[in-house]
Amino acid sequence: LLRNIFQTETDVLGELTIQKLDLSDCAIEVIEITAFENFHSLSFLDISMNPLSEKAMKNLSQGLNLSALKEFRATDMKFTAYFSNSFLNKLKWTNIEKLDLSNNKFTSFPRGHFPHLKELIINNCVINVLMNGSISDMPRLEVLTIQKHQISHIGNIFYNNRNLISLDLSEYVTFTIVSRESATVDMTIEDYSFKYLKNLETLILRKTPLRGVLRRFMLFGLTNLTKLDFFNCAFESIQENAFETLSSLRSLDLSFNIIFELPDKAFYGLKNLKNLDLSRNRLTFLKSSELLNHTPKLELLNLNRNKIQSLSIKMFSKLHSIEMIQVSENQIQPWNKKLFQNNPNLTIFIFAENYVNYFTREMLQDISYLTHVDFSKNPFDCSFCSTVELQSWMNDTNVTISNLQRELHSYDCYSPEPLKEQSLMDVNLSDLELKCVPYIFDFIMFAYSLISCCIFITFIVVAVWYKWKWNIRYIAFRLRTRTKRFKENVKRFEFDAFVSYCENDLPWVINQLIPAIEENDPNTVLCLLDRDLCAGNSIFDSINSAVEQSRTTILVLSNAYMNSNWNVFETQIAQSKLFEDMRGGLILIFLEPIQKSEITKNLRYVIKTRTCLQWTKNATGQKLFWERLKMAIKKPEDKGISTHIT
């Protein structure tokens with residue numbers, strides 16, 4: 001124990017070139033002002049855990065050659081209420097590169113310029129505020145560690161610390177398990193607070209009451225960050241794209257929070273993430289099964305102690321690099337589909353202490369390709385037939401089964417009562433093997449019965465088709481016709497009816513037909529070749545286009561019409577459309593009796609099956625004529641499915 005340091009005691013060391021001096025825990029109380037004047041080359045000094053007074057610290061600062069000092073440690077200064085500001089003021093504008101002042105008292109770190117400082121450690125110093133300028137005046141700072149603090153707010157204070165590599169603001173002093181569930185203490189980080197820290201690689205904020213939502217822009221700009229620690233920050237949710245700029249992140253710890261649900265894009269941007277810890281939250285993953293698709297390089301995934309009830313292949317489908325998955329202490333039940341088909345590098349799967357009471361064949365297939373598996377402390381029901389296969393696998397496999405020998409009863413039967421607490425490896429399942437044979441037999445009988453029924457039904461169908469195939473074809477034809485007629489109801493045409501007439505009957509068309517149909521009903525539009533179709537096209541194209549664009553065709557028949565080659569051509573086109581697309585619309589108007597020699601076989605069929613109207617000079621007959629013609633032109637949906645009025 002030195003207690004006092006005087007110049008007479010240090011003169012004997014004057015001839016030595018001392019660069020490092022450790023005086024920690026020496027019970028030093030007094031330092032003479034000239035005691036250190038001979039230590040011209042001293043670059044490291046540790047005076048931690050000494051009861052130095054304010055005067056002793058002032059003497060030290062005045063007698064020490066501060067221009068050579070690079071590293072200074074003064075932790076746990078026992079008898080000082082607050083660390084000496086006078087000493088810190090002397091360190092300003094010096095070449096000091098590392099300061100460790102932990103376990104002292106600062107309400108805030110004093111403002112001042114430390115142009116060469118690279119590392120500052122002020123843990124457990126009761127700091128409750130980081131003033132604007134107190135950190136920014138350290139332009140070369142690379143490591144800042146402020147553990148066990150009471151800082152309640154962080155804003156834009158790092159604008160001049162572009163060389164910062166590691167930032168540790170963990171452990172808010174009064175943040176406990178009790179205060180975690182209540183809002184008694186809070187710590188806020190403004191959006192874009194870290195946007196200037198382009199070189200930051202490590203950010204540790206564990207055990208801080210950030211609470212609520214991890215916002216999208218809270219971490220914005222940390223493009224070089226590789227490690228992020230949010231352990232026990234009382235987060236309840238994460239906004240989409242909260243990590244979108246963290247493309248270099250390798251390790252993310254979100255364990256021991258209160259997160260219930262995560263959006264599908266919560267981890268968007270984490271394309272290089274390798275280690276993700278989401279343990280000890282309250283996740284179910286029921287609404288975010290594709291959450292991990294944005295982390296294709298993930299190797300280690302920890303989901304222990306959540307509330308996950310089921311696993312799906314979507315959870316892990318994009319994790320081609322995953323090596324270890326931990327889902328212990330959840331509520332997972334047996335699954336019936338293989339989970340790890342897309343995970344060729346998976347070697348370790350731990351799902352202990354869940355609700356797995358039996359194994360399916362898919363589960364055995366999933367774990368058979370691993371090197372290490374742990375499914376201990378699950379409530380195994382050894383009355384299931386699959387227990388026989390599980391026992392056989394456990395005895396023959398080369399996969400390492402954790403806790404199989406080390407912890408007793410880790411793989412015991414939970415039920416039924418006669419087998420309770422008997423090891424899965426050794427339990428006698430001979431009765432179960434006999435019991436399961438009928439089930440296998442019943443399955444074979446069921447399969448046989450199903451195949452027999454299919455063969456019998458096929459035979460009946462073939463027999464019915466052979467005997468009544470033409471009747472069936474006729475019914476199918478009628479159904480197809482009805483379907484096409486129904487579709488015609490929806491199909492829209494440019495014209496309601498194309499009028500085919502000869503030149504001799506043009507006066508009747510102009511003076512009688514058009515006024516009675518178009519002028520009395522503006523919604524009905526007729527198509528006349530000379531009036532409605534574009535000039536320049538060939539007569540063939542014009543006639544075909546007119547029929548194609550009209551829902552129905554009106555043939556104005558007279559002996560002159562039957563002697564016209566073009567009119568006969570129009571009739572043939574209309575008839576072909578009638579059979580080609582099952583159109584029901586073809587109306588025949590007889591202006592006069594037609595000679596029988598002029599009526600072809602096809603026209604005779606049309607006369608028997610389609611609407612035929614006879615023009616008369618009688619006024620009452622003409623009135624009935626126009627009513628029937630208008631009814632025949634109407635759209636099918638306006639008059640019902642039938643399109644014929646005869």
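The chain has 16 helices and 29 strands; helices (H or I, at least four residues) and strands (E, at least two) are DSSP runs, numbered from the N terminus. This is a predicted model, in which local features need pLDDT of at least 70, side-chain atom pairs count only at pLDDT 80 or more, and totals for chains, interfaces and linings use all residues. Residues are numbered from 1 along each chain as its sequence is written, and side-chain values use heavy atoms, with hydrogens and water left out.

**Confidence and overall packing**

- The average pLDDT (the predictor's confidence in each residue, from 0 to 100) is 84 for the chain, and 86% of the residues score at least 70.
- Over residues 640-646, pLDDT stays under 50. The model has 17 contacts (heavy atoms within 4.5 Å) for this stretch beyond four places in sequence.
- Of the chain's 646 residues, 46% count as buried. Buried means under 20% relative accessible area, exposed over 50%, and partly exposed in between (1.4 Å probe, protein chains only).
- Among contacts with a separation of 6 or more, 63% join residues 24 or more positions apart.

**Nonpolar cores**

- A nonpolar core is a set of buried Ala, Val, Leu, Ile, Met, Phe, Trp, Tyr and Cys residues joined through side-chain atoms within 4.5 Å.
- The largest such core holds 134 residues, and F72, F243, F267 and F375 touch the most other members.
- Elements that each supply at least two residues of this core include α2 (54-63), β15 (235-238), α7 (386-396) and α8 (430-490).
- Not counting residues up to four places away in sequence, F375 touches F351, A352, F359, I367, F380, L390, W393, M394, I401 and Y411.
- A second, separate core has 23 residues, among them V509, V556, I589 and W615.

**The parallel sheet**

- Five strands form an open sheet with parallel pairing, in the order β26-β25-β27-β28-β29. Two strands pair if DSSP finds at least two bridges between them.
- β26 and β29 (611-614) are the edge strands; each has a single partner strand, so one side of each is left without a neighbour in the sheet.
- Six of the six residues of β25 (residues 495-500) are buried, so this strand is largely enclosed by the rest of the structure.
- β25 pairs with β27 (residues 550-557) over five bridges, in the parallel sense. F495 stands opposite S550 in β27.
- β25 also pairs with β26 (residues 526-527), over two parallel bridges. Here F498 stands opposite C527.
- From β25 the chain crosses through helix α9 (residues 506-519) to β26 in a right-handed β-α-β crossover. Right-handed means that, with the strands pointing away from the viewer, the path from the first strand over the helix to the second runs clockwise.
- β28 (residues 586-590) and β29 pair over four bridges, in the parallel sense. I589 stands opposite L613 in β29.

**V556 in β27**

- V556 lies in β27 and counts as buried, at 0% relative accessibility.
- Beyond four places in sequence, V556 contacts V499, S500, Y501, D505, W508, Y561, I589 and L591.
- V556 and C502 are 54 residues apart in sequence and 7.8 Å apart in space, C-alpha to C-alpha.

**Buried helix faces**

- In α7, the buried residues are S386, T387, L390, Q391, W393 and M394. They fall within an arc of 165° seen down the axis of α7, so they line one face of the helix. The arc is that of the directions from the helix axis to the C-beta atoms.
- In α11 (residues 539-548), S542, I543, A546 and V547 are buried. They cover an arc of only 125° around the axis, which puts them on the same side of α11.
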